[in-house]
Amino acid sequence: MLQNLNQLNWVAIVLAFVAYFILGYFWFTILFAKLYRISLGKENESQKPLALLFVLGPAVCMLFITITTAILFSALQVRQPIEAFIWGSLIGIGYLSANTVNIAINPNIPKPILYGAISSGYHFVGINMVAITLVQNI
């Protein structure tokens, strides 16, 4: 399976990754900025510029998620948008959202359910954007 990396549509992978990354910017800094800060217990703190780690770290993670999804879709021969949405939803709920909520449930996140809902929503929408982009550009 991994020997077929050169057969993946890398243009589609880059487009899907960029869409996922841009969605993250809008999701966490515009659409849900206030709720996200509340979920982290930082609603009363002044917002500081983000360190490079907090931009590049998620970007690298999203890139791995996007490439892994492309490999999975290639192995499963996912070619139709409805199939992509079904698999994207399964990945979004079964892996990304479940893992996000699991990480959120710890003493360092003051409002884990709110944090989990915001972040899970992002990953659900984002992975489905990735899924649709991958199959539209085969």
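Predicted model: local features only at pLDDT ≥ 70, side-chain atom pairs only at ≥ 80, totals over all residues.
Trainee: Which residues in H3 are buried?

Mentor: Ala59, Met62, Ile65, Thr66, Ile67, Thr69, Ala70, Ile71 and Phe73 are buried in H3.

Trainee: What covers the buried residues of H3?

Mentor: The cover includes three helices: H1 (10-31), H4 (81-104) and H5 (112-136). Keep those names in mind. They come back below.

Trainee: What follows H3?

Mentor: Gln77 does, and its phi is positive. Start with the general idea. Most residues other than glycine have a negative phi. Now the case here. Gln77 has a positive phi of about 55°, although it is not a glycine. Gln77 sits in the loop between H3 and H4.

Trainee: Is Gln77 buried or exposed?

Mentor: Exposed, because its relative accessible area is 55%. The cut-off for exposed is over 50%.

Trainee: Now two helices at once. How are two packed helices described?

Mentor: By the angle between their axes and the distance between the axes.

Trainee: Which residues make the contact between H3 and H4?

Mentor: From H3, they are Ile65, Thr69, Leu72, Phe73 and Leu76. From H4, they are Ala84, Trp87, Gly88, Ile91 and Leu96. Look back at the buried list of H3: Ile65, Thr69 and Phe73 are among its members.

Trainee: What about H4 and H5? At what angle do their axes cross?

Mentor: At roughly 155°, and the axes come within 8 Å. H4 and H5 are therefore roughly antiparallel to each other. H4 passes H5 in a right-handed crossing.

Trainee: What does the side chain of Ser120 reach?

Mentor: The backbone oxygen of Gly116, at 2.6 Å.

Trainee: And Asn128?

Mentor: Asn128 also has its place in helix H5. At 7% relative accessibility, Asn128 counts as buried. With residues up to four places away again left out, Asn128 touches Ala84, Phe85, Gly88 and Ser89.

Trainee: One more pair of helices, please. How do the axes of H1 and H5 cross?

Mentor: At roughly 155°, coming within 9 Å. H1 and H5 are therefore roughly antiparallel to each other. H1 passes H5 in a right-handed crossing.

Trainee: Which residues in H1 and H5 meet?

Mentor: In H1, they include Ala12, Ala19, Tyr20, Leu23 and Trp27. In H5, they include Ile118, Tyr122, Val125, Ile127 and Val130.

Trainee: Is Ile127 buried or exposed?

Mentor: Buried, at 0% relative accessibility. Ile127 is found in helix H5. Beyond residues up to four places away in sequence, Ile127 touches Tyr20, Ile65, Thr69, Gly88, Ile91, Gly92 and Leu96.

Trainee: How do I read separation along the chain against separation in space?

Mentor: Compare the two values for a pair. Ile127 and Ala19 are 108 residues apart along the chain, and their C-alpha atoms are separated by 9.9 Å. Now take Phe26 and Tyr122. They are 96 residues apart in sequence and 9.9 Å apart in space, C-alpha to C-alpha.

Trainee: Where is Phe26 found?

Mentor: In helix H1. Phe26 counts as partly exposed, because its relative accessibility is 39%.

Note on methods:
Residues numbered from 1 in each chain as written. Heavy atoms only, no water. Buried < 20%, exposed > 50% of the residue type's maximum accessible area, 1.4 Å probe, protein only. Helix = DSSP H or I, 4+ residues; strand = E, 2+ residues; numbered from the N terminus. Contact = heavy atoms within 4.5 Å. Polar contact = N/O pair within 3.5 Å; in protein donor to acceptor, adjacent residues only side chain to side chain. Axes fitted to C-alpha atoms, helices over the stretch in contact; angles between N-to-C directions. Parallel < 35°, antiparallel > 145°, perpendicular 65-115°, else oblique. Left-handed = near helix turned anticlockwise from the far one by under 90°.
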